[in-house]
Amino acid sequence: MATSAVRGSILSFTKDPFFNAPEDSHTFIEDGLIITQDGHIKSVGPYTPQAAEGLTVDHYKDAIICPGFIDSHIHYPQSQMIGAYGEQLLEWLNTYTFVAEQDFASRKHAGKVAKIFLQELLRCGTTTAAVYCTVHVESVEAFFEHSSALNTRMIAGKVLMDRNAPAPLLDTAERGYEESRALIEQWHGRGRQLYAVTPRFAPTSTPEQLDAAARLWHEHPGTYLQTHLSENLGELAWVKELFPDCDRYLDVYKKFNLVGPRSIYGHCIHIDEPDFADFNRLNATMGHCPTSNFFLGSGCFKLFEAKKAARPVKVALGTDVGGGTSFSILETLNEAYKAAQMNQTRLNAFQGFYLATRGGAEALDLGDKIGSIEPGYEADFIVLDLKATPMMEFRMDYAKTLAEKLFVFMTIGDDRSVRATYVAGRKMEF
Ligand SMILES: [Zn+2]
């Protein structure tokens, strides 16, 4: 039995701090000990020499240990074009994305990028992500192979597109269905891998393909559905042209039975109360991707509208690389704070860290497996360094409370803040 022990200050959430007082929402053990066994957390509590007896302990001073970060929306093939200049969504897709994605017909190329991508996620402290591959089966196989080798809990799927993209990136409703079905059978539930049926967004799928996507999703209980919704105004106008019988963008996905538990909708910028009410009623999830929304000039997600106590909507953070500009969830939180400010609301540090960990896990229907440091949970956690840079060390000297320290992480923290990442109890190399 593989046992490991980690000592340090331990933060974990027990409730949603959007609806509960921060002090009632989390646990913090100043000098704690996590013991893991066979990939799961066996025990967590205050450190004592007796508790650690006979174990080799990784002791992290000047650090906070928290659950691994969760990214609900990211495109691994876009790693090679992150930070591409000058366009908004639709032109950006045509100019950069649809060019880069054509490389993934090559299994070799896909493998190379999947490896770098997963390494970068772990280096930034992200242990679970919902990932878009490309239309090519090879891109999905390469991704799951590398994720399996690392034993990371990942959600991923083959992009479905049968119109409005370059010919090499198109499948058909039938082919997309068959290829996805085979991938689900091969990968969904194999080790820690999970499958997401992935129509890119309404404009690149015919009604026949959206219908096939819904069949795939419903025929395979436990799989996810991931797509994009209401990111950019040009996109909204285009959807209206393509689906004239649908009043609202969300109506397109509702019409094809694509909204429900374990469906993840990236962005959700230009939406209103009826959409929030539908998400609540249908138990669907919104992926909040602020670095991307600012980079592509899309707008500000209304986080506190979504998290309204009367009809809460499940929200997780997303980086949306390569529309997003960073793999780091800490940098994403920095931009989420600013997006909230632009809406005249304030995202506090406990709310931020909740979204990054337990909140993200719950929004992805994995709240009983990951996102918390509690006995029985999968042992994915990270070590955040209070002294990662000279400036961080200096600034932390003036942060007296846990709330202040966490807020400094979420405003000036980044990949350098992550001293170690543990996946299923194993310390990862990066
Ligand atoms: Zn996206």
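Reply: The axes of α5 and helix α6 (residues 207-219) come within 9 Å and cross at roughly 20 degrees. Axes are lines fitted to C-alpha atoms, for helices over the stretch in contact, and angles run from 0 to 180 degrees between N-to-C directions. Helices (H or I, at least four residues) and strands (E, at least two) are DSSP runs, numbered from the N terminus. This is a predicted model, in which local features need pLDDT of at least 70 and side-chain atom pairs count only at pLDDT 80 or more, while totals for chains, interfaces and linings use all residues. Residues are numbered from 1 along each chain as its sequence is written, and side-chain values use heavy atoms, with hydrogens and water left out.

Me: Are α5 and α6 parallel or oblique to each other?

Reply: Angles under 35 degrees count as roughly parallel, over 145 as roughly antiparallel, 65 to 115 as roughly perpendicular and the rest as oblique. α5 and α6 are therefore roughly parallel to each other. α5 passes α6 in a right-handed crossing. A crossing is left-handed if the near helix is turned anticlockwise from the far one by less than a right angle, and right-handed if clockwise.

Me: Which residues make the contact?

Reply: Contact means heavy atoms within 4.5 Å. From α5 come A173, G176, Y177, S180, R181 and I184, and from α6 come E208, Q209, A212, R215, L216 and E219. By class, the contact of α5 with α6 has five nonpolar, three polar and four charged residues. Ala, Val, Leu, Ile, Met, Phe, Trp, Tyr, Cys and Pro count as nonpolar, Asp, Glu, Lys and Arg as charged, and the others, Gly among them, as polar.

Me: At what angle do α4 and α5 pack?

Reply: Helix α4 (residues 137-150) packs with helix α5 (residues 173-187) at about 10 degrees, and their axes are 11 Å apart. That makes α4 roughly parallel to α5. Their crossing is right-handed. V137, V140, E141, F144, E145 and S148 of α4 make the contact with E179, L183, Q186 and W187 of α5.

Me: How do α12 and α13 cross?

Reply: The axes of α12 and helix α13 (residues 349-356) come within 11 Å and cross at roughly 135 degrees. α12 and α13 are therefore oblique to each other. I329, L330 and L333 in α12 meet G352, F353 and A356 in α13. This contact divides into five nonpolar, one polar and no charged residues.

Me: How many cavities of 30 Å³ or more does the structure hold?

Reply: On a 1 Å grid over the protein atoms alone, a cavity is a set of points where a 1.4 Å probe fits but cannot get out, and lining residues have an atom within 4 Å of a point. Grid points are joined across faces, edges and corners, and a volume is the space filled by probe spheres set on the points. The structure holds one cavity of 30 Å³ or more. The largest cavity has a volume of about 90 Å³. Its lining includes H75, Q78, R200, H228 and D320. Helix α2 (residues 89-100) gives the most to this lining, with three residues.

Me: What should I look for in the backbone?

Reply: Most residues other than glycine have a negative phi, and most peptide bonds are trans. C268 has a positive phi of about 50 degrees although it is not a glycine. A cis peptide bond joins V321 and G322, with omega about 5 degrees.

Key
1 Å grid on protein atoms, 1.4 Å probe; cavity = no way out; pocket = protein on both sides within 12 Å on 5 of 7 lines; lining within 4 Å.
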